[in-house]
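Please keep the model open while you read this note.

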Amino acid sequence: GLALEGGSSAEVFACRAVIVTTGTFLNGLIHIGPEQRSAGRHGEPASRDLSESLKSLGLTWGRLKTGTPPRLDRRSIDFSRFQESPGDEPPVPFSFLTGCIDRPQVLCHLIHTTDEIHRLVRSHIKDSPLYNGQIKGIGPRYCPSLEDKVMRFPERERHQIFLEPEGRDVHETYINGFSMSLPRDLQVEIVHAVPGLENAVMIRPGYAVEYDFVQPTELHPTLETKRVDGLFLAGQINGTSGYEEAGAQGILAGINAARCIQGRQPLVLGRDQAYIGILADDLTTKGCLEPYRMFTSRAEHRLLLRIDNADLRLTEIGRNVGLVDDERWEKFCERRSRYQWNMGVVKRTTIAVEGKRIRASEALRRPGLHLRNLVDQGNLALDVSAGQPGIDLATVEAECKYSGYLARQQVAIERGRQQEERAIPHDFVYSGVPGLSNEVVQRLTQVQPRTLGQAGRISGVTPAAVAVLGAYVGRQKPKLA
């Protein structure tokens, strides 16, 4: 059962699976200069009882920090002083199923910090909870606060800031890149030091928020906790930061919670299948020392994980787990058929290049040659009659241009798959394996890797240790310590 907060009047709901997605609310503490108050975000109370309830399960915990910038009233901003920063033209849809976006786009504006802003931050750095010891949690390295930008990068004369409307029909404006936790009066002074914001009205100040998180090595790659069957965690409670990371975990945890109730096999995506697979594997194998962000650089096979082939990689998986309806599946099948047809045409059609006739697929490996040009010139009769022709062409061109690299990555994947498929029994006792150091035994026991491949990705576990483990797993049972 799950007890909701509310003291003695708590209600209990019985369930076979539950997903906890607490964001920054677990013991959340907001900092604005010396001001501190218990909150998950501005105006919303923190979740303390739930935090203590989850801690009672014996999960390993930590404390992280994130922040947000001041919000301004757009009616008080002199936009003529700033550089316009328009979006894509035409706007690129998030989904392949969206033909186009015809909604008028709202402008953002580019501004920069000034010498006066840097002076104000440096002269009042002792008032920043980030620098005077008031905040204990670790913040995101890749989204630094204004204080961090000024203090950690003194050689930078200025930093970019973007004014972004919070919506089409509201006056609230978000200052992207201007998060801070300085005292509110000082924040007003810093905002007014930006040319064009001299008269800006601050709707609410920026702030830092500290919150509890569960060390994600407590989870299986399905995002189910190892200690409690049917309990799934997703989002910032797992040590991540960012909307995309939270959404990715939400859908993975949702799929696996449903499959848990149905008594079906869980869904675990591989590192060569999806960025969601990399994120889940990184979290559950390595854990978090700081808020985790998903970058392409974390993907060892990133040429396979492209935007243009996401549907080709994942739609069939979505169909198998019940998330793709008949209409979407039909459109995908048409898209896949076009791709297969177009690849066949490109591989068998020859074109003239520098006096020689070579296959179009080989010619496209040359840097200056693009598939769109060959189609427009009538050299290739491709099927671009439906869907989004740009995506259809991009997929074929990428497969041709990167064919040599893709072949090499496939070989590496197959080599790694052999280790990935060598399962480690869930009750394996690592202390019984001769040749493993105490540190390696401790890390393996804590993470409980499912396969030799996952064991090799654990921080502190050497290739030699994996070789010893591989020689021992399945050959004989280790002795109990």
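1. Start with leucine 223. At 1% relative accessibility, leucine 223 counts as buried, because the cut-off for buried is under 20%. This is a predicted model. Leucine 223 sits in the loop that joins strand S13 (207-214) and strand S14 (231-233). Its phi is near 75°, a positive value in a residue other than glycine.

2. Why does that deserve a look? Most residues other than glycine have a negative phi, and most peptide bonds are trans.

3. Asparagine 27 also has a positive phi, near 50°, and is a residue other than glycine. Look for asparagine 27 in the loop between strand S3 (18-20) and strand S4 (29-32). Is asparagine 27 buried or exposed? It counts as buried, at 17% relative accessibility.

4. Now check a peptide bond. From glutamate 89 to proline 90 the bond is cis, with omega near 0°. Proline 90 belongs to the loop between strand S8 (83-85) and strand S9 (108-112).

5. Next, the helix pair. Two packed helices are described by the angle between their axes and the distance between the axes. For helix H7 (residues 310-320) and helix H8 (residues 326-348), the angle is about 145° and the axes are 11 Å apart. H7 and H8 cross in a left-handed way.

6. Which residues meet? H7 brings Asp311, Leu312, Thr315, Glu316 and Arg319. H8 brings Asp326, Trp329, Phe332, Arg335, Arg336 and Tyr339. In this contact of H7 with H8, six residues are charged, four are nonpolar and one is polar.

Key
Residues numbered from 1 in each chain as written. Predicted model: local features only at pLDDT ≥ 70, side-chain atom pairs only at ≥ 80, totals over all residues. Heavy atoms only, no water. Axes fitted to C-alpha atoms, helices over the stretch in contact; angles between N-to-C directions. Helix = DSSP H or I, 4+ residues; strand = E, 2+ residues; numbered from the N terminus. Left-handed = near helix turned anticlockwise from the far one by under 90°. Contact = heavy atoms within 4.5 Å. Nonpolar A, V, L, I, M, F, W, Y, C, P; charged D, E, K, R; others polar. Buried < 20%, exposed > 50% of the residue type's maximum accessible area, 1.4 Å probe, protein only.
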